[in-house]
Amino acid sequence: MTALSRSVINGFAEQVSLKLLGVVGLGKEPDYDYFQEWIKQGNHGGMSFLENYREVRQDSSSIYPDARSAVIFALPYYLGDRSRSSKPMIAQYARIRDYHKMLKKKGEYILSSMKKINPDLTGKVVVDSAPLMERSLASRTVRGFIGKNTLYIHPELGSFLLLGEIVTNQPIALDLPANVDSKTRTPDGGCGTCKRCQINCPTGALDNEWKMDARKCISYWTIEHRGTIPVKYWQYLGRYWYGCDICQLVCPWNRKIPNSEFFQKETEVNKLDLFDVAIMDQNFYESSFGGTPMTRAKIHGLRRNALIAMTVTEHPRLMEAINAVQNSDYQVIRDTVKQIDQWRLEY
Ligand code: B12
Ligand code: SF4
Ligand code: SF4
């Protein structure tokens with residue numbers, strides 16, 4: 001009988017064109033103390049959801065009863081966009097539709113194929129839905145490392161990857177970890193003396209090596225933060241008004257990566273006029289952003305971001321937008337309009 005080995009699972013992953021990173025054991029998480037300290041220092045800003053389910057982060061085997069190992073897979077999403085557009089942009093992962101559904105379906109296929117070989121196997125596909133330390137797990141597969149930009153980087157696939165896992169009740173033949181020393185640069189990975197992500201991060205969110213201060217990250221402000229955005233960060237929304245790709249685009253490990261084979265076609269979100277976004281109603285929101293990761297910021301978060309990006313890039317229809325939204329039902333929109341005067345005075 002065929003046993004479930006890395007190469008057998010790899011074969012299933014290849015059938016659905018997923019990149020198998022490896023299979024790692026679940027249990028006490030060696031990076032948990034780092035995570036705990038990171039939270040204690042307040043680096044997570046308002047992302048209080050990261051304070052929950054600490055027991056799962058601390059011991060990944062507590063995610064489900066009998067959880068023993070995780071098959072880690074990756075979905076490359078690089079769209080090949082290296083433009084430095086004068087128009088505010090959207091991070092590349094957010095321009096694609098339904099990646100959750102797609103990853104989940106592909107993961108389910110791998111899981112059911114594994115079950116056919118080992119009927120005792122039970123498992124669950126996890127895509128952005130569990131409090132696992134996904135990058136730490138990925139960094140313990142056969143390839144890859146954590147870069148100074150804090151992302152998991154694969155030496156051939158780069159870092160434009162969305163990670164997913166199949167958590168199983170079987171130990172499965174485990175990988176030997178890559179053990180790349182992130183401080184040394186070798187063909188297998190590592191940053192060495194490079195500091196490009198730190199130097200190019202516009203807000204200094206990566207100033208402390210291998211550590212992110214989310215309270216300074218544009219991705220945090222534009223995606224996760226509810227409420228108004230402090231005026232001192234507004235200028236950076238002139239480049240990215242949703243998410244941010246700068247610390248990936250400058251990384252030498254992403255220089256030669258292929259474009260994603262999954263997403264040849266992006267949605268139209270990056271082409272929308274910010275005026276239309278700033279004043280949009282529910283119908284416009286659903287038809288333009290439904291099924292994309294951008295719904296994470298909700299309608300008022302996107303309208304807030306668009307209004308700020310219009311302000312800092314002096315969009316010709318800014319006054320028209322202000323007049324249209326100043327009595328908005330959303331407090332955050334009314335408050336953002338009020339901040340525009342402060343921006344004009346100070347910048
Ligand atoms: C909260 C969160 C954010 C926050 C905080 C980001 C951060 N750096 O922690 C914000 C909103 C800023 C964010 C932004 C983005 N995110 Co995000 N995010 C998450 C989430 C939900 C939790 C991360 C977390 O717990 N962070 C706290 C830190 C302390 O813990 P950790 O990341 O688990 O692991 C750290 C330790 O293990 C430690 N560590 C491990 N080894 C070593 C070695 C050394 C030497 C040291 C010192 C430390 C160290 O470093 C790790 C990274 O900080 C994960 C999903 C998940 N469940 O993991 C996605 C995730 C990390 N995000 C992802 C993505 C795609 C992004 C963006 C690229 C989106 C965008 N374009 O805007 C940016 C990238 C910004 C960046 N440079 O990190 C992907 C990353 C894939 C990858 N290749 O790594 C993930 C894994 C989601 C997924 N399932 O694919 N994100
Ligand atoms: S996503 Fe942008 S703001 Fe955040 S750390 Fe990277 S470069 Fe800095
Ligand atoms: S840009 Fe340089 S320092 Fe930053 S993650 Fe990439 S290799 Fe490491």
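An axis, as the word is used here for a helix, is a line fitted to C-alpha atoms over the stretch in contact, and the angle between two axes runs from 0 to 180 degrees between N-to-C directions. The structure described with this term is a predicted model.

The protein has 13 helices and 8 strands. Its radius of gyration is 21 Å, close to the 20 Å that the globule rule gives for 347 residues, so the protein is as compact as a globular protein of that length. Along the principal axes, the C-alpha atoms fill a box of roughly 70 × 45 × 40 Å.

A place to begin is the packing of helix 1 on helix 4. Helix 1 covers residues 6–15 and helix 4 covers residues 99–117; their axes come within 9 Å and cross at roughly 140°. That angle makes helix 1 oblique to helix 4, because an angle has to be over 145 degrees to count as roughly antiparallel. The crossing of helix 1 past helix 4 is right-handed. Which residues meet here? Helix 1 brings Val8, Ile9, Phe12 and Ala13, and helix 4 brings Ile110, Ser113, Met114 and Ile117. By class, this contact of helix 1 with helix 4 has 7 nonpolar residues, 1 polar residue and no charged ones.

Helix 11 (residues 298–312) and helix 13 (residues 331–346) pack at an angle of about 15°, with their axes 10 Å apart. The two helices are therefore roughly parallel, and their crossing is right-handed. On the side of helix 11, the residues are His300, Arg303, Arg304, Leu307, Ile308 and Thr311, and they meet Val332, Ile333, Thr336, Ile340 and Trp343 in helix 13. The residues of this contact divide into 6 nonpolar, 3 polar and 2 charged.

The other packing is with helix 12 (residues 318–325), where the angle with helix 11 is about 150° and the axes are 10 Å apart. Is the crossing of helix 11 and helix 12 left-handed or right-handed? Helix 11 passes helix 12 in a left-handed crossing. Leu307, Met310 and Thr311 of helix 11 make the contact with Leu318, Ala321 and Val325 of helix 12. These residues divide into 5 nonpolar, 1 polar and no charged. Leu307 and Thr311 take part in the contact with helix 13 and in the contact with helix 12.

The ligands come next. Ligand 1 is surrounded by 37 residues, and the closest are Asp31, Ala91, Trp210, Ser219 and Gly243. Helix 2 (32–40), helix 5 (134–138), strand 7 (161–168) and helix 7 each supply at least two residues of this shell. Which element gives the largest share of the shell around ligand 1? Helix 7 does, with 4 residues. By class, the shell around ligand 1 holds 23 nonpolar, 8 polar and 6 charged residues.

Helix 7 (218–224) also contributes to the shell around ligand 2, where helix 7 and helix 8 (246–249) each supply at least two residues. Around ligand 2 lie Asn149, Cys201, Thr203, Ala205, Leu206, Met212, Cys217, Ile218, Ser219, Cys244, Ile246 and Cys247. The shell around ligand 2 divides into 9 nonpolar, 3 polar and no charged residues.

Around ligand 3 are Gly147, Lys148, Asn149, Cys191, Cys194, Lys195, Arg196, Cys197, Val250, Cys251, Pro252 and Trp253. How do the residues of this shell around ligand 3 divide by class? They comprise 7 nonpolar, 2 polar and 3 charged residues.

Conventions
Residues numbered from 1 in each chain as written. Chains lettered and ligands numbered in written order. Predicted model: local features only at pLDDT ≥ 70, side-chain atom pairs only at ≥ 80, totals over all residues. Near = placed C-beta within 6 Å. Nonpolar A, V, L, I, M, F, W, Y, C, P; charged D, E, K, R; others polar. Parallel < 35°, antiparallel > 145°, perpendicular 65-115°, else oblique. Left-handed = near helix turned anticlockwise from the far one by under 90°. Contact = placed C-beta atoms within 7 Å. Rg over C-alpha atoms; globule rule 2.2 N^0.38 Å.
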